[in-house]
Amino acid sequence: MGRTAAAVSLGDGDRSILEAWSRRRKTAQALALRSRIVLLAAAGRSSTAIAAELGLHIQTVGKWRRRFERRGADGLLDEPRPGQPRKLSDAQIEAVLTKTLETKPRDATHWSTRSLARATGLNQTAISRIWRAFALQPQREESFKLSQDPLFIDKVRDIVGLYLDPPERALVLCVDEKSQIQALERTAPLLPLRPGQAERRAHDYLRHGTTSLFAALDTSPAT
């Protein structure tokens, strides 16, 4: 049958730390899961109940309960892997992350591993490893559009219908970019790069000034 694990005792400091860790969404998911195990154990739940609720093996639950009992919150952190010791300090890694997330190079739209290596004095391999560890991809950019048009759905159906079931002799005209018109401001604020999330910006923009459009259309029936 095995012995029943005693309830975990939490101080105010440990509880605050574990609750903060348990709310991690995109990064450090393993740490968030371990924190939830300990919080449930502190609430008096058995290892069997915790394993069933979180979809884990009971041995996994027992492992992290024991680690917390022996070493506190620090016991939930990943232990150093065997092999060559890390050469980069925490300060160097923080500097790379800060520069990647909060600055841009003077001669480019985003950092590359080579340009950031030159700026920080590190090698390109080190920059690549840091970016992979924190899921950073400055070269990626995603666009989005939030429509406030009350007839948006009806218009989408009309346009998509032209492709799915076009009427006979249909003619569709689309007028887009015009020369000598500069995009000065996006319709929504830029959402910056962050770990696990590419930079995002609205695909359309506001035009400041007067736009002149000259168009001529000459149609004749087919012969």
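User: Which of the classes buried, partly exposed or exposed does A135 belong to?
Analyst: In this predicted model, local features need a pLDDT of at least 70 and side-chain atom pairs count only at pLDDT 80 or more, while totals for chains, interfaces and linings use all residues. Residues are numbered from 1 along each chain as its sequence is written, and side-chain values use heavy atoms, with hydrogens and water left out. Buried means under 20% relative accessible area, exposed over 50%, and partly exposed in between (1.4 Å probe, protein chains only). A135 has a relative accessible area of 40%, so its class is partly exposed.

User: Where does A135 lie, and what is its phi?
Analyst: A135 sits in the loop between α7 (124-133) and β1 (141-144); helices (H or I, at least four residues) and strands (E, at least two) are DSSP runs, numbered from the N terminus. A135 is not a glycine, yet its phi is positive, at about 55 degrees.

User: In what order do the elements of the chain run?
Analyst: The chain has eight helices and four strands. Read from the N terminus, the order is α-α-α-α-α-α-α-β-α-β-β-β.

User: Where in the chain is confidence lowest and where is it highest?
Analyst: The scale is pLDDT, the predictor's confidence in each residue, from 0 to 100. The chain mean is 77, and 76% of the residues reach 70 or more. The lowest element mean, 64, belongs to strand β4 (residues 205-206), and the highest, 91, to helix α6 (residues 113-120).

User: How many contacts beyond near neighbours in sequence does the stretch 209-219 have in the model?
Analyst: A contact means heavy atoms within 4.5 Å. Over residues 209-219 the pLDDT is below 50, and beyond near neighbours in sequence the number of contacts is four.

User: What share of the contacts with a separation of 6 or more joins residues 24 or more positions apart?
Analyst: The share refers to contacts in the chain whose sequence separation is 6 or more. Among these, residues 24 or more positions apart account for 54%.

User: Why does F68 count as buried?
Analyst: F68 is in helix α4. Leaving aside neighbours within four places in sequence, F68 is in contact with V8, S9, L10, D14, L18, V38, A73 and L76. F68 counts as buried because its relative accessible area is 5%.

User: What separates the C-alpha atoms of V61 and S47?
Analyst: V61 lies in helix α4 (residues 58-71) and is buried, at 0% relative accessibility. Not counting residues up to four places away in sequence, V61 touches I37, S47, I50, A51 and L56. V61 and S47 are 14 residues apart along the chain, and their C-alpha atoms are separated by 6.0 Å.

User: Which residues meet in a salt bridge?
Analyst: A salt bridge is a side-chain nitrogen of Lys or Arg within 4 Å of a carboxyl oxygen of Asp or Glu, and the structure holds one. Both partners are partly exposed, R45 with a relative accessible area of 33% and E53 with 46%. At 2.7 Å, N to O, the pair is E53 and R45.

User: What is the area of the nonpolar surface patch that includes Y163?
Analyst: Patches are made of residues with over 30% relative accessible area and no salt bridge, with like charges joined within 9 Å and nonpolar side chains (Val, Leu, Ile, Met, Phe, Trp, Tyr) within 5 Å. Y163, in helix α8 (residues 152-164), is exposed at 69% relative accessibility. Accessible areas come from the Shrake-Rupley method with a 1.4 Å probe; for residues, only the protein chains shown count as cover. The patch is made by F152, I153, V156, I159, V160, L162, Y163, L164 and V172, and its area is about 910 Å².
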